[in-house]
Amino acid sequence: MRILSIHNNYQIRGGEDESTQAEANLLKANGNQVDIYQDSNERVASLNRVHLASTTIWSTEAYQIVKQKLRTHPTDIVHVQNFFPLISPSVYYAAKSEGVPVVQTLRNYRLICPNGLFFRSDRICEDCLGKFVPYPGVIHACYRENRAASAITATMLTLHRMARTWVNQVDIFITLSQFARQKFIEAGWS
């Protein structure tokens, strides 16, 4: 099987980065071909804010890169590990335009909570759970304690909910626990 693994690395390497690499190694060790497309949040500081905001919502660059990879290397499946903020949900559309099924691993709660954690001010917070527009995350400046950055994240979530991106562009989701699965179901996901 040939797999394109997509991952936006964090500035400080953490569990998502490690497990994405471990998965690729395991797949390769079992005879699969794994192509990796990744970007790194180390690049964020070099981008102007308007470009970063638009890229968070839709990255034309990532769309074109994934589309080109899929055209030059026949691929059985695209596995999106993390697209935020530089890769964006545009990669789902690139895969679908080439007829390649998409799997998304839900390693955090980003698709239902702007900071991805269900945690703020030293307490559990589910204020955005089930809200089509996650405005509490903006009010509380949940993403990086920054209202503007929280607003961009909430805008990305809202626009892609309106476009039904996660309904129409992703074939299957993987959660890492029953608890996470239940939270996504509570948020209205099938």
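About how many Å³ of space lies in the second largest cavity?

A: About 60 Å³ of space lies in the second largest cavity, and of the 14 residues that line this cavity, Cys-113, Cys-125, Asp-127, Cys-128 and Cys-142 are the closest to its centre. The model is a predicted one, in which local features need pLDDT of at least 70 and side-chain atom pairs count only at pLDDT 80 or more, while totals for chains, interfaces and linings use all residues. Residues are numbered from 1 along each chain as its sequence is written, and side-chain values use heavy atoms, with hydrogens and water left out.

A cavity here is a set of points, on a 1 Å grid over the protein atoms alone, where a 1.4 Å probe fits but cannot get out, and a lining residue has an atom within 4 Å of a point; the volume is the space filled by probe spheres set on points joined across faces, edges and corners. Strand E5 (119–120) and helix H5 (135–139) each supply at least two residues of the lining of the second largest cavity, both being DSSP runs numbered from the N terminus (helices H or I, at least four residues; strands E, at least two). By class, that lining has eight nonpolar, three polar and three charged residues, where Ala, Val, Leu, Ile, Met, Phe, Trp, Tyr, Cys and Pro count as nonpolar, Asp, Glu, Lys and Arg as charged, and the others, Gly among them, as polar.

The model has two cavities of 30 Å³ or more. The largest cavity holds about 100 Å³ of space, and of its 13 lining residues the closest to the centre are Gln-81, Asn-82, Gln-104, Asn-108 and Arg-110. Two or more residues of that lining come from each of strand E3 (77–82) and strand E4 (102–106), with E4 giving the largest share, three residues. The lining of the largest cavity divides by class into five nonpolar, five polar and three charged residues.

Beside these cavities, the model also has pockets, a pocket being an open set of points with protein on both sides within 12 Å along at least five of seven lines. About 590 Å³ of space lies in the largest pocket, which is lined by 24 residues, Val-167, Phe-184, Gly-188, Trp-189 and Ser-190 being the closest to its centre. Helix H6 (147–162), helix H7 (165–168), E7 and H8 are the elements that give two or more residues to the lining of the largest pocket, and this lining comprises 13 nonpolar, six polar and five charged residues.
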